Structures are given as structure tokens and as C-alpha cells.
Amino acid sequence: ADALHLEFLDHAIQIARTTGAKIKTAFHSRSSLHIDLKNDNDADLVTQVDRAVEKEIFTYLRSKYPSHAFVGEEGTSESGVAATGISSNSDTPTWVVDPVDGTTNFVHGFPFVAVSIAVVVHGVPIVGVVFNPIMDEMFTAVRNGGAFLNDVALPTPPVRPLASLASALVASEYGSDRGADVLDAKFAALRDVVGSPARGVRSLGSAALTMCYVARGALDAYWEAGVHAWDVAAAAVVLREAGGSVGNWVAPSKVEHGKHEAYDICARNVVCVRQTQLPEQGPAIMAT
Ligand code: IPD
């Protein structure tokens, strides 16, 4: 791994631990949480903890790397870089941060809550830290440097593709967009997978942790439409470095046989498996 990337990793770990301790304290004393709805949506929440943590992370990172770009879920970055504008042709490292991934879990006391910090260069995530301070699980990875859970290397996955869902534990989410068209597409894919039949289906409520659970081998596959770059960027590094695969979930008709483009973290969707190969056409093909 590149020495500079390892330095980025050290800073990401340090600030994830510092802010994670505050998230843990707030998690255990939730009575003082101020919960706001985003876009008037009961399924899309933000609290004062999300905002304060994001601000603290950016203040720390900007003091170390004033020339870098910063993108966060809560928009507290002053760099003016929108998540959709994480440029694939810029040399400037961009820190992509979700201060509390799993905000609904956080509000309800369900312990799948994580700080997610990634460094993205040329549109590709190269450093990833996903820290669950409630369960004290720190997932870390740097491109070409392996993936670790609490400093122990994650096990290497099987090389064969995921052949069948019959022995697979898979995960997906319903997301915050409950429009009829969106739900129809999601339930059609879910129906295929559940009916295949997959052995089990889970929804953890944190995209970053779900991908890390694929990386550690506790889940076999995960797909979702609606995720943002800050939900997936850090965990994509962990998963790839653990030997897994991540790609975009596209309509089967749009996939050239066996071909997946490089994963676009800004495309608002994800499909991933623990194996070294993605299924050819996302969840639908996994069910066949
Ligand atoms: C959400 C979580 C959730 C996923 C959503 C994300 P947030 O992130 O990762 O699991 O289903 O798509 O937006 O809002 O809790 O940071």
C-alpha cells in the first residue's frame, strides 16, 4: 500500500475513534436527541449528533489536509463539493464522510450505527474506515493493503462465483423513497430473491456496515437502490480488499453479458458479493 494512503488511514481511524466515543455516549442517553426529518420524510432522519460529528471530522481533516476536498452527508463541508460532483478526473483527494450511517438505528437504539470515512481519488475509493462504536467494530482498508476488523485481517473469500442463493444469507433495504415505482422495482427484486428461495434475508439499516458484513463473510450478498456515495465509499474499499466484489445494480437488459463497469459510487445503487465475481445481472440473476 502507498505510504500516503496509510497516513490518510491513520487520520481517518483517529477521528473515527474520537467521534465514535461521542456517538456511543449519545446512543446510550438518547433522551436529549433533537430529531429532524429530511424533506419532511419520516424515514429520513438527522440529529444534532450527525451534524456535530460531521463538523468535527471535517475540522480535523481540514487541519491536516487543507487542499483536499470534503463531501459529507449533512452538507457541513464548506468546500462546496456536492456528492454527485466527486470528480473522476480530479487529482485532489476527496474525503467522503457519513458521520452516522444508520441514523434511524441510532435514534431507535438499534446498535448498527457507524462512522464512515473514505478517501476517493479519480472517483475511486482508496481508503476506507467504517467504525461501529456501539459494538466496538473497526473495519479498515487501504487499496492493495488488505482489509481488517479490529486489526485482524478479514478471511479470504471463496473464488467461485455465488452460484445459488439456496445457501446464502443476503441483505437489502427498503430505503427512504417510498414512491410506488421505486417500491415496485424493489419488491420485484426482493420477490425473486426470497422466492428463489434464498436461505435468509436481512436489513441491518446501515449500508456501510452491511457491506462490511459481506466482507467479513457474515452475509453473502447485498443490493440496494437509493444509497449515496457517503454510505458506500469506505465500505467498498473494505469489501474489495477482503476479496469481495462491488458493482452497480443495473437493469438486466442493460448489462452486457458478464460485464460490469467500474463501480460508480455516485450512481445511487450497489450490488455486492463476498466472492471475487459479481453475478452477471444483479439480484435477479442471483435468484436463477
Ligand atoms: C442510510 C442507511 C440505510 C440505507 C440508506 C442510507 P443514513 O444512511 O445506510 O441502511 O438503506 O440508503 O441512506 O441516512 O442512516 O446515513
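In which loop does P197 lie? In this predicted model, P197 sits in the loop that runs between α4 (180-195) and β11 (200-202). Its backbone deserves a remark, for the peptide bond joining S196 and P197 is cis, with omega at about -5 degrees. Most peptide bonds are trans, and most residues other than glycine have a negative phi.

D151, which is not a glycine, has a phi near 70 degrees. D151 belongs to the loop between β8 (147-149) and β9 (152-153). Is D151 buried or exposed? D151 has 7 other C-beta atoms within 10 Å, and therefore counts as exposed, the cut-off for that class being 12 or fewer.

R268 likewise is a residue other than glycine with a positive phi, near 70 degrees. R268 is located in the loop between β13 (245-247) and β14 (269-273).

Let me turn to the ligand. Which residues come nearest to the ligand? Among the 15 residues around the ligand, they are D101, T103, E173, A207 and D231. Sorted by class, the shell around the ligand holds seven polar, six charged and two nonpolar residues.

Technical notes:
Residues are numbered from 1 along each chain as its sequence is written. This is a predicted model: local features need pLDDT of at least 70, side-chain atom pairs count only at pLDDT 80 or more; totals for chains, interfaces and linings use all residues. Helices (H or I, at least four residues) and strands (E, at least two) are DSSP runs, numbered from the N terminus. A residue is buried if 20 or more other C-beta atoms lie within 10 Å of its own, exposed if 12 or fewer, and partly exposed in between; C-beta atoms are placed from the backbone. A residue is near a molecule or strand if its C-beta atom, placed from the backbone, lies within 6 Å of it. Ala, Val, Leu, Ile, Met, Phe, Trp, Tyr, Cys and Pro count as nonpolar, Asp, Glu, Lys and Arg as charged, and the others, Gly among them, as polar.
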